[in-house]
Amino acid sequence: LLQLDEHGQLHFASLQGPQGQAYLRIHGLPTSDFETLVYVPDWKRRGQREFLLRTAGVVAALRAVGGSGAMLAAILKIFPVSWRDAGYRLVAGWRYRIFGPAKPRPWVRPEWARRFLDAVETRGVVGMESR
């Protein structure tokens, strides 16, 4: 999503981090399920219960970035949510076995660091995803 979002529409927070955990608690979402994605369309209104989970959130985030992201969102929308979410869970369950645990490394683009809420409070559309 960072690479597709050329205009910086999305911001991110780790579900394990302070911003993510606070959001999950406020909305009664599980605070220990890190194999999901929570998309919040308007972080300024984060007190309201407006969010999308898993692939519904992915599709909305891809639409928000536009361009090739919107095209990918249109392709994903062809498939029923149950199929998309099953594929999402499969990838989430296998990603550590395939890619190994996440390791700290430099950002591809240093400005991307500012897009993570746990580093800096920002405004705008927010996607929350486990890193």
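1. pLDDT is the predictor's confidence in each residue, on a scale from 0 to 100, and in this predicted model the protein averages a pLDDT of 81, with 85% of the residues scoring at least 70. The model being predicted, local features need a pLDDT of at least 70 and side-chain atom pairs count only at pLDDT 80 or more, while totals for chains, interfaces and linings use all residues. Residues are numbered from 1 along each chain as its sequence is written, and side-chain values use heavy atoms, with hydrogens and water left out.

2. The protein has four helices and four strands, where helices (H or I, at least four residues) and strands (E, at least two) are DSSP runs, numbered from the N terminus. Read along the sequence, these elements follow the pattern β-α-β-β-α-α-α-β. Of the contacts in the protein with a separation of 6 or more, 59% are accounted for by residues 24 or more positions apart.

3. Buried residues make up 36% of the 131 residues in the protein; buried means under 20% relative accessible area, exposed over 50%, and partly exposed in between (1.4 Å probe, protein chains only). The protein exposes about 8100 Å², of which carbon and sulfur atoms supply 59%; these accessible areas come from the Shrake-Rupley method with a 1.4 Å probe, and for residues only the protein chains shown count as cover.

4. In soluble globular proteins, nonpolar side chains tend to be buried together. A nonpolar core is here a set of buried Ala, Val, Leu, Ile, Met, Phe, Trp, Tyr and Cys residues joined through side-chain atoms within 4.5 Å. The largest such core has 15 residues, of which Leu2, Leu10, Phe12, Leu37, Tyr39 and Val58 touch the most other members. Both β2 (37-40) and α2 (54-65) supply at least two residues of this core, and the largest share, six residues, comes from α2. A second, separate core of 10 residues includes Leu15, Val38, Trp43 and Phe51.

5. Three aromatic pairs are found in a search of the whole structure; rings of Phe, Tyr and Trp (its six-membered ring) pair if their centres lie within 6.5 Å, and planes under 30 degrees apart count as stacked, over 60 as edge-to-face and the rest as tilted. The rings of tyrosine 23 and phenylalanine 51 have their centres 6.3 Å apart and their planes at 85 degrees, so this pair is edge-to-face. The pair links distant parts of the chain, 28 residues apart, with tyrosine 23 in helix α1 (residues 18-26) and phenylalanine 51 in the loop between β2 and β3 (52-53). Tyrosine 23 counts as buried at 2% relative accessibility, and phenylalanine 51 is buried with a relative accessible area of 17%. Tyr23, Trp43 and Phe51 form one aromatic cluster.

6. The whole structure also holds three salt bridges, a salt bridge being a side-chain nitrogen of Lys or Arg within 4 Å of a carboxyl oxygen of Asp or Glu. In one of them, arginine 115 is joined to aspartate 5, with the closest N and O atoms 2.5 Å apart. Arginine 115 lies in the loop between α4 and β4 (125-129) and aspartate 5 in the segment before β1 (10-11), so the pair ties together parts that are 110 residues apart in sequence. Arginine 115 and aspartate 5 are both buried.

7. Another salt bridge joins the side chains of glutamate 50 and arginine 45 (2.4 Å, N to O). Glutamate 50 is partly exposed, with a relative accessible area of 28%, and arginine 45 is also partly exposed, with a relative accessible area of 38%.

8. A further salt bridge is formed by aspartate 85 and arginine 54, whose closest N and O atoms are 3.9 Å apart. Aspartate 85 lies in helix α4 and arginine 54 in helix α2, so the pair ties together parts that are 31 residues apart in sequence. Aspartate 85 counts as buried at 10% relative accessibility. A reader checking the backbone may note that phi of arginine 54 is near 45 degrees, a positive value in a residue other than glycine.

9. Alanine 86 is found in helix α4 (residues 81-99) and counts as partly exposed, at 42% relative accessibility. The C-alpha atoms of alanine 86 and threonine 55 are separated by 9.4 Å, the two residues being 31 residues apart along the chain.

Key. Contact means heavy atoms within 4.5 Å.
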